[in-house]
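Please have a look at the structure first.

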Amino acid sequence: MTFPLIPERRAFLLLAAAMAGTGVAAQPADKRPIRLVVPFGPGGVADLTARTVAQKMTEATGQSIVVDNKPGAGGIVAADAVAKAAPDGRTLLLMSNGNAVSAGLFKSLPFDPVKSFTPVSMLGTFDIALVTGGKSRFKDIAALLAYARANPGKLNIGTINIGSTQHLAAELFKRSLGIDVTIVPFNSTSAVVSALLGEQVDAGVEILAPVLAQISGNTLHALAVMGEKRSTALPNVPTVAESGAPQFNVASWNAFAAPAGTPPDVIARLNKDTNAALNTPEVKARLLQLGVQASGGTPQAQADFFAREIKRWGDVIQQAGIQKQ
């Protein structure tokens with residue numbers, strides 16, 4: 001016996017048949033683009049790191065990720081935009097050391113550095129190096145430290161702006177090794193390099209990636225790297241930890257975060273997609289070309305790391321007597 005189909009049932013079967021014929025999944029899928037807010041201009045290491053990971057995520061999931069560069073105010077402009085965005089998984093922030101530093105560097109912020117965001121995943125770390133100019137008498141870190149100890153206050157170390165990762169790394173360097181040196185801030189990496197080449201400063205502390213070509217060409221000398229391990233790009237250059245400060249470990253880093261209140265299942269999906277991208281050979285290789293060691297990990301691991309970074313840089317800012325901005 002057969003029964004006549006009611007109109008609603010007939011329409012449903014016709015739609016299902018049409019979808020099956022075209023290969024379209026029956027369950028709905030929201031493929032609206034994700035906005036990835038980057039607190040730096042295009043072309044830098046952090047920007048290229050974000051774009052490399054985002055592109056691989058898009059290829060794997062079909063979910064378009066659009067990079068929105070929002071430099072300014074030490075990363076505050078970008079962070080504020082994400083903090084105020086809807087917590088629906090459509091907005092991500094590229095976090096960096098600057099987000100941890102801002103908690104201790106600024107008198108007030110338009111958002112809470114911790115409570116306004118939900119961690120997604122670490123992306124990677126990149127080395128910071130202690131360098132000298134090509135004509136410098138300091139060809140290794142032992143010679144530089146010997147001079148600094150014999151001549152308190154006479155050694156100058158150039159870095160970029162006060163409160164930058166490089167500047168605070170230099171402050172931590174002199175305190176960890178017990179040396180009296182003067183830290184000279186400049187407005188840009190190129191200004192630091194010019195000062196090194198012109199012998200206006202004795203040494204510099206800078207992210208490795210933008211000065212690696214000059215190190216390779218012997219325009220600059222790398223005396224040490226500041227991370228836990230030797231750099232894969234400079235395996236013969238010692239770490240600061242090997243040079244008299246066993247606990248010294250400073251590296252720059254990037255991570256993804258979402259607005260606070262983003263649902264746990266959305267965070268879990270974003271974390272899974274991010275880690276999958278980071279684990280592909282092509283992404284690992286591309287990041288290594290940028291001087292970045294891919295890491296990844298869980299949201300909780302990122303949260304724990306971020307809390308340690310806030311504490312560490314807050315202490316350095318206070319000990320160095322850096323005025324809050």
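This is a predicted model: local features need pLDDT of at least 70, side-chain atom pairs count only at pLDDT 80 or more; totals for chains, interfaces and linings use all residues.

Let me begin with strand β1 (residues 34-38), which pairs with β3 in the parallel sense over 3 bridges, where two strands pair if DSSP finds at least two bridges between them. Within this pairing, R35 stands opposite T91 in β3. The names come from DSSP runs numbered from the N terminus, with helices being H or I runs of at least four residues and strands being E runs of at least two.

Residues are numbered from 1 along each chain as its sequence is written, and side-chain values use heavy atoms, with hydrogens and water left out.

As for the whole protein, there are 11 helices and 11 strands, and the C-alpha atoms fill a box of roughly 105 × 40 × 30 Å, taken along the principal axes. Of the 325 residues, 46% are buried, where buried means under 20% relative accessible area, exposed means over 50%, and partly exposed lies in between, using a 1.4 Å probe and protein chains only.

Returning to β3, its other pairing is with β10, in the antiparallel sense over 4 bridges, and there M95 stands opposite A255. How many of the residues of β3 are buried? The count is 6 of 6, with T91, L93 and M95 on one side and L92, L94 and S96 on the other.

Next comes helix α4 (residues 97-105), which is largely enclosed by the rest of the structure because 7 of its 9 residues are buried. Those buried residues are N97, N99, A100, V101, S102, G104 and L105, and they pack against α3 (76-83), β3 (91-96), α6, β10 (252-259) and α11.

Two packed helices are described by the angle between their axes and the distance between the axes. For α6 (residues 165-176) and α11 (residues 299-319), the axes come within 10 Å and cross at roughly 75 degrees. Here axes are lines fitted to C-alpha atoms, for helices over the stretch in contact, and angles run from 0 to 180 degrees between N-to-C directions. The two helices are therefore roughly perpendicular to each other, since angles of 65 to 115 degrees carry that label, while those under 35 count as roughly parallel, those over 145 as roughly antiparallel and the rest as oblique.

On the α6 side, L168, A169, E171, L172 and R175 meet R312, W313, V316, I317 and Q319 of α11, contact meaning heavy atoms within 4.5 Å.

Is E171 buried or exposed? With a relative accessible area of 8%, E171 is buried, and not counting residues up to four places away in sequence, E171 touches I183, V316 and A320.

Finally, L123 lies in strand β4 (residues 117-126) and is buried, with a relative accessible area of 0%. L123 and T49 are 74 residues apart in sequence, yet 8.1 Å apart in space, C-alpha to C-alpha. Leaving out residues up to four places away in sequence, L123 touches T49, L94 and A255, among others.
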